[in-house]
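Trainee: I would like to go through this model step by step. Where do we begin?

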Amino acid sequence: MAEQKIIAESTMEDAYKFLKITRNPDGSLTRNPPVPNVPSTPEIDPNSSNQLISLSKDIPLNPAANTFIRLYRPVSPPPNAKLPLILYFHGGGFVLLSVSSVIFHESCNAMTAQIPALIASVEYRLAPEHRLPAAYEDAVDAIKWAKDEAINGGDPWLKEFADFSKVFLMGSSSGGNIVYHAGLRALDINLDPIKIVGLIMNQPYFGGVKRTESELKFVNDKILPLHVNDLMWLLALPEGVDRDHKYSNPLINEAEVKEKIQRLPRCLIRGYGGDPLIDGQKEFAKMIESHGVHVTPQFLETGYHAVEIFDKKCAQDLYDSIKDFVKYICDENVGESAM
């Protein structure tokens, strides 16, 4: 037992090093992110040689929680057209990164121009300083913010360009997890006049106590090795619970929330064959589909967790899939409105 404890402590120490984080005496983290943060770009700089495809600005969300939204719009939106609004939740295992992280900023820049859409990237609170369900609460704040904007028309970009009848929730990794839980919580809210018409979950971050075959196969994965995955759940989940909690394992409380699951809008769920989480993602997709949810599953044999960050072609393939999904639903809604 003593030997196992030493190994476990050593593995945990390695996980902290892998993530470039250190635990402070008060339980908070000192983070040394591997990617820089960048500011928003609210207007075109006439003296800059950079060719902008989108503009962005930061909008306070909940000052008490220190959350905000980075709102993106195309530089050249289609004339005389309203655009779908996508609420976006970044990845990072609930522990790392920000809407300002250059990898997410550039991704949102590309997607808002290519789809085209307005993208509201949500700066949610991180764990362990703010354990789950804090991120879900921040996501609900963002949904309520969209509703308030639809009613009161405060932001000029949204007032001019947003179609609030076509709202999507989108996220990658932990952001995909947030999309699912925020989607369920939104069912308890009177959203009128906005309408959430689709959920986009790219490599959603789920787990459980029992190891899946893919977790064991990729135990030493270069992006998400098993001991790092375990640490992030340990930091993110409420204290005293294991990975078979409803926040991490959506199969645990399936019976409890099945009536809500049945009311979820159409979902795009994407995963990659080299991702340790792929088996759990497939089980999740089957579970919600079994309750009548229209699921567009895209599980590729190639790729790995967060591959779109490192591979431009994979990033473009992801953007194309999202664009097609959004267009399909928007066109479908137009057809329904005309009937």
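Mentor: We begin with terms: two strands pair if DSSP finds at least two bridges between them. Helices (H or I, at least four residues) and strands (E, at least two) are DSSP runs, numbered from the N terminus. The model is predicted, so local features need pLDDT of at least 70 and side-chain atom pairs pLDDT 80 or more, while totals for chains, interfaces and linings use all residues. Residues are numbered from 1 along each chain as its sequence is written, and side-chain values use heavy atoms, without hydrogens and water.

Trainee: Which residue of β10 stands opposite L268?

Mentor: Strand β9 (residues 266–272) pairs with strand β10 (residues 295–300) in the parallel sense, over six bridges. Opposite L268 stands T296.

Trainee: Which element gives the most residues to the lining of the largest pocket?

Mentor: On a 1 Å grid over the protein atoms alone, a pocket is an open set of points with protein on both sides within 12 Å along at least five of seven lines, where a 1.4 Å probe fits; lining residues have an atom within 4 Å of a point. The largest pocket is lined by 43 residues, with L97, I103, A306, I309 and F310 nearest its centre. With seven residues, the element that gives the most is α2.
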